[in-house]
Amino acid sequence: MGDFKETPSQTAGPFVHIGLSPQMAGLETRGLGQTLGERMITGDPEGEPITLDIYVFDGDGAPVTDALIEIWQPGPDGEFGTMPGFENWGRQMTDFDTGLARFETLKPGAGQNAAPHVLIWIAARGVNLSLTTRAYFEDEDNKADPVFKLAGQRAATMLAKRTNRGYRHDIFLQGENETVFIDA
């Protein structure tokens with residue numbers, strides 16, 4: 001049998017968001033229920049509620065208005081285990097005007113050898129393979145975190161800035177301010 005070669009990757013196409021985020025196709029209004037990953041705070045959990053606003057921009061600084069953003073994060077105790085009233089996973093599409101995906105969540109705590117952070121997974125048009133990065137918080141001590149440290153001088157591209165609502169994190173897919181992405 002001959003050598004088998006990997007086929008080239010292709011973009012997911014213009015309709016992948018319908019399966020991953022049905023509200024973008026108006027399907028939630030047809031009785032199909034809540035979109036998965038829409039709500040992270042589902043009760044009255046312990047911890048600091050925050051809003052994490054994630055904006056996605058292309059290499060020219062224009063908003064990416066149809067990206068799918070998923071986040072995973074530890075709870076306030078730094079653990080990924082279950083916690084009453086809180087899901088540690090969320091999914092949102094960026095909006096059609098500003099490229100914003102907004103998550104109502106809890107501020108994560110520090111874990112073993114890890115600063116408080118949120119893992120971010122991005123799928124978007126023109127992106128052949130999904131992208132993974134992290135959002136660290138500018139008001140935390142991130143220096144000892146191994147991933148933050150590995151990013152070196154570019155680690156600042158992974159910092160979420162404090163706002164009056166919580167935090168804002170800007171992700172640039174390419175260009176001068178390109179965010180540090182992680183091979184996952």
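Reader: Where is Asn113 found?
Author: First, a caution: this is a predicted model. Asn113 is found in the loop between β4 and β5, and β5 covers 117-123.

Reader: Is Asn113 buried or exposed?
Author: Exposed means over 50% relative accessible area. Asn113 counts as exposed because its relative accessibility is 63%.

Reader: What is phi of Asn113 near?
Author: Phi of Asn113 is near 60 degrees. That is a positive value, in a residue other than glycine.

Reader: Let us turn to the strand. How many residues of β4 are buried?
Author: Buried means under 20% relative accessible area. In β4, 5 of the 7 residues are buried, so the strand is mostly covered.

Reader: Which strand is joined to β4 by bridges?
Author: Strand β1, residues 49-57, is joined to β4 by 7 bridges. The two run antiparallel.

Reader: Now Ala101. Where does Ala101 lie?
Author: Ala101 lies in strand β4, which spans residues 100-106. Ala101 counts as buried because its relative accessibility is 1%.

Reader: Which residues does Ala101 touch?
Author: Leave out residues up to four places away in sequence. Ala101 then touches Leu52, Asp53, Ile54, Ile69, Gln92, Met93 and Thr94.

Reader: What separates the C-alpha atoms of Ala101 and Glu70?
Author: Along the chain, Ala101 and Glu70 are 31 residues apart.

Methods:
Residues numbered from 1 in each chain as written. Predicted model: local features only at pLDDT ≥ 70, side-chain atom pairs only at ≥ 80, totals over all residues. Heavy atoms only, no water. Helix = DSSP H or I, 4+ residues; strand = E, 2+ residues; numbered from the N terminus. Buried < 20%, exposed > 50% of the residue type's maximum accessible area, 1.4 Å probe, protein only. Contact = heavy atoms within 4.5 Å. Pairing = 2+ DSSP bridges.
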